[in-house]
Amino acid sequence: MSQGILFLVSAPSGAGKTSLVNALLEASAASTMNNLCVSISHTTRPKRPGETDGKNYHFVSVDEFRQMRADKAFLESAEVFGNFYGTSRHWVEDRLSQGWDVILEIDWQGAAQVQQLMPGAVSIFILPPSLEALRERLTSRGQDDASVIEKRMSEAVNEISHYGQADYIVINQTFDVALDDLKAIIRSARLGKAYQMASHAALLDSLVRG
């Protein structure tokens, strides 16, 4: 069994990251990419309408989060808009060892932390087609008031400035095109030498021996 690949997907709030990842997982389940899964982060932020604990996030108190961080239970952790987010180290390492390819939906700070620990991770940055489109998407969600949207827009500019740290960049102007781009990145990573050597060790050995 080959070791899975860790994919780090970053984007400013409102760029469509979660919708794209959900669509990617749905498409993957009915294809040869059915060993793809997404990590469920721990967070201290309140649940939004329609969210479920253990499905969208593991919702924990600030005290619980701090204790987990002290116990080094997180692969990465960060504070975003006054809330804490963290990725379970054990869960990710266990899935990768089982051959699952794991997606982390993560901000640029978290991605940088993970890449230091796991330099083989593949990083992807999703960008909006314009700041105007980003503002429209944030407003149309109807989840935040004007002051929060302005704060998110300000943070988005800072977030976007770190796109150069990623291995791949996807512009989410047309959803279906952006989704196809994500699929292409996953497929490309799986065609890498290390992954193929682990996945097809017996075949490659037989071809070399003749």
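Biologist: Which residues form a nonpolar patch on the surface?
Modeller: This is a predicted model, to begin with. In it, M197, L203, L204 and L207 form that patch. Together they have about 390 Å² of accessible area.

Biologist: Where does the largest share of the patch come from?
Modeller: From helix 9, residues 201–209, which supplies three residues. L203, for instance, sits in helix 9.

Biologist: And is L203 buried, partly exposed or exposed?
Modeller: L203 counts as partly exposed, because its relative accessibility is 46% and that class runs between 20% and 50%.

Biologist: Changing topic. How many salt bridges does a search of the whole structure find?
Modeller: The search finds five. We can go through some of them.

Biologist: OK, start with R89. What does it pair with?
Modeller: R89 forms a salt bridge with E93. The closest N and O atoms are 3.8 Å apart, and the pair counts because the cut-off is within 4 Å.

Biologist: Where do R89 and E93 lie?
Modeller: Both are in helix 3, residues 89–97. They are four residues apart, about one turn of the helix.

Biologist: Next one. Which residue does R190 meet in a salt bridge?
Modeller: D101, with 2.5 Å from N to O. This pair links distant parts of the chain, 89 residues apart. R190 belongs to helix 7, residues 175–190, while D101 belongs to strand 7, residues 101–105.

Biologist: Buried or exposed, R190 and D101?
Modeller: R190 is buried, with a relative accessible area of 10%. D101 is buried too, at 0%. Both get that label because buried means under 20%.

Biologist: What about R135? Which residue is its partner?
Modeller: R135 forms a salt bridge with E150. The closest N and O atoms are 2.5 Å apart.

Biologist: Which helices does that pair link?
Modeller: R135 is in helix 5, residues 131–141, and E150 is in helix 6, residues 146–160. The two residues are 15 apart in the chain.

Biologist: How accessible are R135 and E150?
Modeller: R135 counts as partly exposed at 34% relative accessibility. E150 is partly exposed as well, with a relative accessible area of 43%.

Note on methods
Residues are numbered from 1 along each chain as its sequence is written. This is a predicted model: local features need pLDDT of at least 70, side-chain atom pairs count only at pLDDT 80 or more; totals for chains, interfaces and linings use all residues. Side-chain values use heavy atoms; hydrogens and water are left out. A salt bridge is a side-chain nitrogen of Lys or Arg within 4 Å of a carboxyl oxygen of Asp or Glu. Buried means under 20% relative accessible area, exposed over 50%, partly exposed in between (1.4 Å probe, protein chains only). Patches are made of residues with over 30% relative accessible area and no salt bridge: like charges are joined within 9 Å, nonpolar side chains (Val, Leu, Ile, Met, Phe, Trp, Tyr) within 5 Å. Accessible areas come from the Shrake-Rupley method with a 1.4 Å probe; for residues, only the protein chains shown count as cover.
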